[in-house]
Amino acid sequence: MLKLFRVSEFKVLKRFLQTKSIKNVYDSEQFDLNIRVVGWVKSFRNQKEVKFIHINDGTDPRNLQLVIAGESFKQPNEFEKVLNSIHFNTSVEVEGRLVKSSYMHQTHEIHVSDLRILTKCDPSEYPFKPKVKQTLESIRPFVHLRTHVDQFSSIMKFRSELVFNIHKYFHGKKFIQIHTPIITSNNCEGGCETFEVNSNEQDSGLKEIKSESKHFFSKPVYLTASAQLHLEAMTTGIGNVYTLSPTFRAEKSMTRHHLAEFYMLEAEMIDINSLDKILDFTEEFLKTVSTETYNSIHQAELNVLFNKNKNSTTELEHVGHIRSLMNEKKFIRIKYTDVLGILNNLLAKKKYSKITKKKIEFGEDLNKEQEKILVEYFQNVPVFVTNYPKHIKPFYMRQSTDDQTTVDNFDLLVPNVGEIIGGSLREYRVDLLKKAIIEQNLDAGIFDLYLETKKFGAMKMGGWGLGLERLIQFLINIENIKDCCAFPRSLYNCKM
């Protein structure tokens, strides 16, 4: 009895080990194996005696060819019935022999002995047709089905790899990852619009527990616009910290550059005494993470990412340009006042005659168009713009030592996207923080705990925030930011 049990157990284990992902199949040099795979049908064609089906399971950009002959099918009488039920994106389970392919442009194929349909896909209802080329714009309304399209699927894989390399970088630098709250009682950015959070039982439920407050948290609270103040508090006891978490801005904008919910990478560092020190760190971070992400993506994945819906190699050239920037070029560093001189000189030229605003005054922030012109002026090398006017920046930025009208801050501008990172040295002097809060007409009581962190042993520090989706736009040249996340939330748009 024991012997029979062991034989049975061995058979189960053997069958389990022979289940392979498509990536496993292509990574292996072993052939003449009986294996099992699952996946979705990407294409199929019929010949007189043989059927060819290409499937993919999401683990590799390359499809795997299935060769199906009726006489090799376990159940020949079911052969036609099964094949007639197969349509684009039908999910299937396949068993067969893995062999070396004799066809061009592929190295592996499976000679199928058994095929089972897991779930049908009705072509009359399915929105994507197999021979219709889909674009990122055309699939945007179908947020729940976008990963069925290879290009969008590759964007999500690129994003995943980028996030992995971000965490790897900070882990290597001994930063502590902090999970900061989504609900907050302060608006860190001051000027940005926030989402207020209210309980569904605001009127009746709180009365039943005899609360004197109409608010669930006893005061108004909001979805976070930045984790910075929470991170600064953490630095006072454990040093350098970072977070990658959802961030929310209730900006009334429907442009291709804006999301109401996005992921923000934020880092805060102690012992930062100069702006150059934080700029050096930021540049090294971006170059390292970008290069490692490019290097870890299979070339076939990049081809899908850029060429699936393109008629040229422009996007691959874009990657080549970014790689050269990261390996060969030092980012430009220039003060805000010097930027005004350059831009005002450029805007007076005939080349920019269609731009209505011809002069930027001191104290005005740069818009997208002006950022693009500035980066182009420097041959599309990323640009650190530093030392903006104090009154247009948040209260927590450290006042410049040589100019009381500016702060020690920076925005990093990149080609096609504009600003992707904003940061500064943090003000550590409580009296100057209180003064800035009053000058910006903020509620001083909201920041009492934050100010306390500065009283009890806080160091000079600096930090920044990076919009993850904007970084993805820059690295792989995606026109609309809504194609850089799985379920975009924006004005009048919150599907699923």
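This is a predicted model: local features need pLDDT of at least 70, side-chain atom pairs count only at pLDDT 80 or more; totals for chains, interfaces and linings use all residues.

Modeller: The side chain of Asp483 meets that of Arg140 in a salt bridge, with N and O 2.9 Å apart. Asp483 belongs to the segment after α15 (468-476), whereas Arg140 sits in the loop between α4 (136-139) and α5 (150-172), so this pair ties together parts that are 343 residues apart in sequence. Arg140, for its part, has a relative accessible area of 21% and therefore counts as partly exposed.

The segment after α15 takes part in another such link, since Arg489 also lies there. The side chains of Arg489 and Glu261 meet in a salt bridge at 3.8 Å, N to O, and this pair connects distant parts of the chain, Glu261 being in strand β11 and 228 residues away from Arg489. Arg489 counts as buried because its relative accessibility is 17%, while Glu261, at 28%, counts as partly exposed.

Strand β11 (residues 261-270) leads on to β16, with which it pairs in the antiparallel sense over 7 bridges. Within that pairing, Met269 stands opposite Gly462 of β16. Strand β15 (residues 418-426) likewise pairs with β16 in the antiparallel sense, over 6 bridges, and there Leu425 is the bridge partner of Gly462. In strand β16 (residues 461-467), 7 of the 7 residues are buried, so the strand is largely enclosed by the rest of the structure. Met461, Gly463, Gly465 and Gly467 point one way from β16, Gly462, Trp464 and Leu466 point the other way, and all of them are buried.

The salt bridges described above belong to a set of 27 in the structure. Another of them joins Asp402 to Lys335, whose closest N and O atoms are 3.9 Å apart. This pair also links distant parts of the chain, with Asp402 in the loop between β13 (383-386) and β14 (409-414) and Lys335 in strand β12 (residues 332-335), 67 residues apart. Asp402 is exposed, because its relative accessible area is 60%, and Lys335 is partly exposed at 38%. Salt bridges with shared partners also join Asp276, Asp280, Glu283, Lys287, Lys330 and Arg333 into one network.

Once neighbours within four places in sequence are left aside, Thr291 is in contact with Met326 and Asn327.

At the surface, Ile182, Ile183, Phe216 and Phe217 form a nonpolar patch with about 360 Å² of accessible area together. Ile182 is found in the loop between β6 (176-177) and β7 (183-184), and it counts as partly exposed because its relative accessibility is 31%.

Among contacts between residues at least 6 apart in sequence, 69% join residues at least 24 apart. The protein exposes about 25900 Å², of which carbon and sulfur atoms supply 53%.

Methods
Residues are numbered from 1 along each chain as its sequence is written. Side-chain values use heavy atoms; hydrogens and water are left out. Contact means heavy atoms within 4.5 Å. Buried means under 20% relative accessible area, exposed over 50%, partly exposed in between (1.4 Å probe, protein chains only). Helices (H or I, at least four residues) and strands (E, at least two) are DSSP runs, numbered from the N terminus. Two strands pair if DSSP finds at least two bridges between them. Accessible areas come from the Shrake-Rupley method with a 1.4 Å probe; for residues, only the protein chains shown count as cover. Patches are made of residues with over 30% relative accessible area and no salt bridge: like charges are joined within 9 Å, nonpolar side chains (Val, Leu, Ile, Met, Phe, Trp, Tyr) within 5 Å. A salt bridge is a side-chain nitrogen of Lys or Arg within 4 Å of a carboxyl oxygen of Asp or Glu.
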